[in-house]
Amino acid sequence: MVSPLLLSTATLLFTLDLIGTFVFALSGAAAGVKNKLDPFGVGVLAFVAGNAGGVTRDLLIGAVPPAAIKDWRYVAVSLLAGGVTFLWYQSIRRFRPIVLLLDAAGLGLFAVSGTQKALAFGVNPFVAALLGMLTGIGGGVLRDLLVNEIPVVLRADLYALAALGGAGVVVGGHLLHWPPTATTIAGATLCFGMRLVAIRRGWNLPPANPAGLIVR
Amino acid sequence: MVSPLLLSTATLLFTLDLIGTFVFALSGAAAGVKNKLDPFGVGVLAFVAGNAGGVTRDLLIGAVPPAAIKDWRYVAVSLLAGGVTFLWYQSIRRFRPIVLLLDAAGLGLFAVSGTQKALAFGVNPFVAALLGMLTGIGGGVLRDLLVNEIPVVLRADLYALAALGGAGVVVGGHLLHWPPTATTIAGATLCFGMRLVAIRRGWNLPPANPAGLIVR
Amino acid sequence: MVSPLLLSTATLLFTLDLIGTFVFALSGAAAGVKNKLDPFGVGVLAFVAGNAGGVTRDLLIGAVPPAAIKDWRYVAVSLLAGGVTFLWYQSIRRFRPIVLLLDAAGLGLFAVSGTQKALAFGVNPFVAALLGMLTGIGGGVLRDLLVNEIPVVLRADLYALAALGGAGVVVGGHLLHWPPTATTIAGATLCFGMRLVAIRRGWNLPPANPAGLIVR
């Protein structure tokens, strides 16, 4: 018999995953509206931003077909986010602080769940952490490519570093045989917290300097 | 014994698929010539435009290696289209109405065959229709990305909607247990017709309006 | 018992592969620094440039998970190249002739090893040669896409042609049942030599001419 507690944990994780997909899809749809795409273009960008990270991870670890293809609900929440954004773009812009908050939560969630899935497929822990980071940032990278911009997540606000931090906690806990639930929560919280502080204080990693290192 | 009728149907479908690949490859090669790529760049763009949609679908549903890799004829017709375009670009431009007609036919064909293949691999019908659309528009998306443009199929002339319409007919017929041959032909015809009318009348979906909805 | 000679050949090939990855990763990291990405962006571009060709080939032939994911050393040398470039970009620019030399060697190596792997997975020889070329140029294509440029390898200095030449030698030898070691060395040398001569003499294939063929 499946324990009711286990069932509800799986349901909780799946629900959180769909929420993360929805929030990321909002960012994709917003990029589509900004570039005056038609409703289909907006829908494609919503799906891409919400799912490309996880789909790429699944292809790389051999989890085929990817979850976003097997389960129609990932497509459905992505298109829902696309429709909402298409119709109420201005209102969503006004809720930008909340969207950023949810985006930070989505990043933390994707980073830790992506790492867990890679570990479950027997990937080397060091690589698993990088795949967790990829799960978190992949959607944003492809979203920006499709509207012809250098991906912002490769440049801004500790985005990739926060994802890697969360993934690193999961891998560290895995190597030390700590309970996965605890490390998953800790990793997601760390990533979430890093993003919030980085956004609030405008923190960035120093960009590369093509002219060479400057002695301060 | 394989029935001769069945054989010829399979041969017909395969031939139509190669024709669709050839026509899409022409559009890729033309984009390469316009951007003054060398013969290899033109060849790569021809292959990408003709095959990226199907290859992506095959990777996503786990049909590995993809048909375009397993059967050398997909590569051959793509390179043929590349060579023809490289040598006779001006003449091909003059036949633009015919190329547009063939492109509409290719889109219809790819949309329904992509949907059928996804259904055959046990994908959820709702997602299968989207994979059919992806089969139709994927090549054009990657073609435009490679020459650094926002994919035109995300913006214009009911392109994605026509592909989805054709795919939807196939899925609808599948759910109602109608004969697949009839729904396949009906779906491809619908997609083809939508594109022709959209091109002739300049129909477009209304683009997203970043300034908010306008009350008319 | 595994022969010590065989072991050392495999070790040699693996070492050469890592060197090729390192050199290609340098080019990715340099593109990241030029575009003022943060350290993470530079690391991502280094990994992409060093591994995207091989990863794409592995996905297409069904060798999942790809070598670059299964073995952490590919990630490690990529990040090493990223770190070196981030810190000492100016010095690396001064060693440009050496980097170009190593890049030509990397291209030759990737083209022949990619072809061998595709043949080993039972891919049609004609397609295997194209997958060898893809292994060589894929990293550079995705690197340039990520920094929003039309991929230079689709335009310049016999790059793709040299890779295809090397791959063609391997396939030719395969069809004629020649010893693979000899054809592998010959193919890599041909590719390397073509690139060196093309760089030194500024050789290019004639670009496509959108205005039509000119009679000389």
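1. Start with the place where chain C meets chain B. The contact takes 25 residues from chain C and 27 residues from chain B, where two residues are in contact if their C-beta atoms, placed from the backbone, lie within 7 Å. On the side of chain C that touches chain B, the elements giving two or more residues are helix 2 (39-61), helix 6 (125-146) and helix 7 (159-175) of chain C. Helix 6 of chain C makes the largest share of that side, with four residues. A word on the naming: helices (H or I, at least four residues) and strands (E, at least two) are DSSP runs, numbered from the N terminus.

2. What sort of residues does chain C bring to chain B, by class? That side divides into 18 nonpolar, five polar and two charged residues. Here Ala, Val, Leu, Ile, Met, Phe, Trp, Tyr, Cys and Pro count as nonpolar, Asp, Glu, Lys and Arg as charged, and the others, Gly among them, as polar.

3. Before going on, keep in mind that this is a predicted model: local features need pLDDT of at least 70, side-chain atom pairs count only at pLDDT 80 or more, and totals for chains, interfaces and linings use all residues. Residues are numbered from 1 along each chain as its sequence is written, while chains are lettered from A and ligands numbered from 1 in the order in which they are written.

4. How confident is the predictor? The model scores ipTM 0.80 and pTM 0.86. Chain A averages a pLDDT of 86, and 91% of the residues score at least 70; pLDDT is the predictor's confidence in each residue, from 0 to 100. Among the elements of chain A, helix 1 (residues 4-34) has the lowest mean pLDDT (81) and helix 7 the highest (93).

5. Now the way the copies are arranged.

6. Do the copies meet through the same or different surfaces? Only 12% of the interface residues of chain C are also interface residues in chain B, so the surfaces are different.

7. Chain B also touches chain A: the contact takes 25 residues from chain B and 27 residues from chain A. On the chain B side, helix 6 of chain B gives the largest share, four residues.

8. Look at chain A by itself. Its secondary structure comes to eight helices and zero strands. The radius of gyration of chain A is 17 Å, close to the 17 Å that the globule rule gives for 216 residues, so chain A is as compact as a globular protein of that length. (The radius is taken over C-alpha atoms, and the rule is 2.2 Å times the number of residues to the power 0.38.) Along its principal axes the C-alpha trace of chain A spans about 55 × 50 × 30 Å.

9. Helix 7 of chain A deserves a look: 13 of its 17 residues are buried, that is, with 20 or more other C-beta atoms, placed from the backbone, within 10 Å of their own. Just after this helix, A:H177 takes a positive phi of about 60°.

Definitions and conventions
A residue is buried if 20 or more other C-beta atoms lie within 10 Å of its own, exposed if 12 or fewer, and partly exposed in between; C-beta atoms are placed from the backbone.
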